[in-house]
Amino acid sequence: MSLSRPRKPRKTVLTAALGLGLAAGLLAAPAASATPDGVAAPLRHSAQYAGQEDQAQNQAFFDAVMKSVASKRAESPGARVVTIRYSTANAPTFRSVIGRAAQIWNSSVTNVRLQEGANPDFQYYEGNDARGSYASTNGHGRGYIFLDYKQNRQYNSTRVTAHETGHVLGLPDHYSGPCSELMSGGGPGPSCTNPNPNAQERARVNSLWRNGLAALAAEAAPSSS
């Protein structure tokens, strides 16, 4: 049975990506159904869902989202919780799953909150891609998460989505970890359905958003003469 073609991201030059790809190694351009019109194919190190990680690409996506949030945070510098806004307009099939993943993270950490809304810091997209789901950045303070149909049938969809959302919050892949570790992705196999970050992952996210934004604010502040 064929699946509907995904809605495509706006024209941007995608320069980095990461994720839960099902094909091993460094792959060529994505399938036509998953490639934005007129966009150069990004360099995606799309590891096996249970394979190797690419921490540099994780960091690139996190940095892009953090910069996007930091530019808006100047409007309310006294806020105690950082709000990251996302859009599900291009992933309607997964809207409820994305909502559950966001709720899981919002109940797990205290320094950052995910909220669906206008002027998003990143977006979700859906479609078919042999490499599976991944997170990508255009290198200019914006990014998106792509959710692959097949992978979300093979693996627990809430776990896949919460895992990819973990990249937004700064966590790298760690496929060799146990099922109790969200960022182990598909390493434990399809039978693993745990969608919750463990204590170490929760602490890491809280630390990243507390210290990371403080560092960005200090960097942006005018130097005193």
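Mentor: Asn206 has a relative accessibility of 13% and therefore counts as buried, where buried means under 20% relative accessible area, exposed over 50% and partly exposed in between (1.4 Å probe, protein chains only). Keep in mind that this is a predicted model, in which local features need pLDDT of at least 70 and side-chain atom pairs count only at pLDDT 80 or more, while totals for chains, interfaces and linings use all residues. Residues are numbered from 1 along each chain as its sequence is written, and side-chain values use heavy atoms, with hydrogens and water left out.

Trainee: Where is Asn206 placed, and which residues is Asn206 in contact with beyond its neighbours within four places in sequence?

Mentor: Asn206 sits in helix α5, helices being DSSP runs of H or I of at least four residues and strands runs of E of at least two, both numbered from the N terminus. Once its neighbours within four places in sequence are set aside, Asn206 is in contact with Val109, Thr110 and Asn111, contact meaning heavy atoms within 4.5 Å.

Trainee: How many helices and strands does the protein have, and what share of its residues is buried?

Mentor: The protein has 5 helices and 6 strands, and from the N terminus on the order of the elements is β-α-β-α-β-β-β-β-α-α-α. Of the 225 residues in the protein, 52% are buried. Among the contacts with a separation of 6 or more, 70% come from residues 24 or more positions apart.

Trainee: Which residues have the most contacts inside the largest nonpolar core?

Mentor: A nonpolar core is a set of buried Ala, Val, Leu, Ile, Met, Phe, Trp, Tyr and Cys residues joined through side-chain atoms within 4.5 Å. Here the largest such core has 32 residues, and Ile84, Trp105, Phe122 and Trp209 have the most contacts inside it. Two or more residues are given to this core by each of α1 (55-73), β2 (82-90), α2, β3 (112-116), β4 (122-127), β6 (143-148), α4 and α5, with α1 supplying the largest share, 5 residues.

Trainee: Is Val65 buried or exposed?

Mentor: Val65, which is found in helix α1, counts as buried because its relative accessibility is 0%. Beyond its neighbours within four places in sequence, Val65 is in contact with Ile84, Asp121, Phe122, Val168 and Trp209.

Trainee: At what angle do α2 and α4 pack?

Mentor: Two packed helices are described by the angle between their axes and the distance between the axes. Helix α2 (residues 95-108) and α4 pack at about 60 degrees, with axes 9 Å apart; the axes are lines fitted to C-alpha atoms over the stretch in contact, and angles run from 0 to 180 degrees between N-to-C directions. The two helices are therefore oblique to each other, given that angles under 35 degrees count as roughly parallel, over 145 as roughly antiparallel, 65 to 115 as roughly perpendicular and the rest as oblique. On the α2 side, residues including Val97, Ile104 and Trp105 meet residues of α4, among them Ser157, Thr161 and Gly166.

Trainee: Which residues show the partly exposed class?

Mentor: Gln123 in strand β4 counts as partly exposed at 25% relative accessibility, and it is in contact with Ser87, Asn90, Gly143, Tyr144 and Ile145, its neighbours within four places in sequence left aside. Pro188, in the loop between α4 (157-168) and α5 (199-220), is partly exposed with a relative accessible area of 30%. Not counting residues up to four places away in sequence, Pro188 touches Arg159, Gly177, Pro178 and Cys179. Pro172 is found in the loop between α4 and α5, and Pro172 is partly exposed with a relative accessible area of 30%.

Trainee: What phi does Asn119 have?

Mentor: Most residues other than glycine have a negative phi. Asn119, in the loop between β3 and β4, has a positive phi of about 50 degrees although it is not a glycine.
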